[in-house]
Amino acid sequence: MSSSPLASVLFVCVHNAGRSQMAAGFLSHLAGDRIEVRSAGSVPGDQVNPAAVEAMKEAGVDISAAEPKILTTEAVQASDYVITMGCGDACPVFPGKKYLDWALEDPAGKGVEAVRPIRDEIRTRIEALIAEIGARQEA
């Protein structure tokens, strides 16, 4: 059996400090090394949103060491799935990639109470994504 990942997923939001970091954290946590995970931002922030870090910690996922990264063409080209979260047209489009746009509230400037529902929505979407990727591999 091959040890290569089933797919590669790139999460993109503007600052790569909240939604995309939470999504990457959940996907890494739930899929392990079965799926390659990347995240990036069109205008990366200085640090991951502390409320996002705290909300994820409550869910048993540690993203405290994550750092915002700039979106590159290479990251998009290396990914099978590109999931955008409010970055509009900043993401380059290449044939053969599956693009999804997840309309999620931006947790920037919000406290952990407001971030929890966003976190929970992301987890639900990640679980569905893992199921979709698994189903595509079996097809």
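Which residue's side chain does a polar contact of 2.9 Å join to that of Arg-119?

1. The partner is Asp-120, whose side chain is joined to that of Arg-119 by a polar contact of 2.9 Å (a pair of N or O atoms within 3.5 Å; within protein, one must be able to donate a hydrogen and the other to accept it, and residues adjacent in sequence count only if both atoms are side-chain atoms). This is a predicted model, in which local features need pLDDT of at least 70 and side-chain atom pairs count only at pLDDT 80 or more, while totals for chains, interfaces and linings use all residues. Residues are numbered from 1 along each chain as its sequence is written, and side-chain values use heavy atoms, with hydrogens and water left out.

2. Arg-119 is placed in helix α4 and is buried, at a relative accessible area of 9% (buried means under 20%, exposed over 50%, partly exposed in between, with a 1.4 Å probe and protein chains only). Neighbours within four places in sequence aside, Arg-119 is in contact with Met-22, Phe-26, Ala-55, Met-56, Glu-58 and Ala-59 (heavy atoms within 4.5 Å).

3. Strand β3 (residues 81-84) is covered on both faces, with Tyr-81 and Ile-83 buried on one side and Val-82 and Thr-84 buried on the other; helices (H or I, at least four residues) and strands (E, at least two) are DSSP runs, numbered from the N terminus.

4. Strand β3 runs parallel to β1, to which four bridges join it, and also pairs in the parallel sense with β4 over four bridges (pairing requires at least two DSSP bridges between two strands). Tyr-81 stands opposite Val-9, and its bridge partner in β4 is Lys-98.
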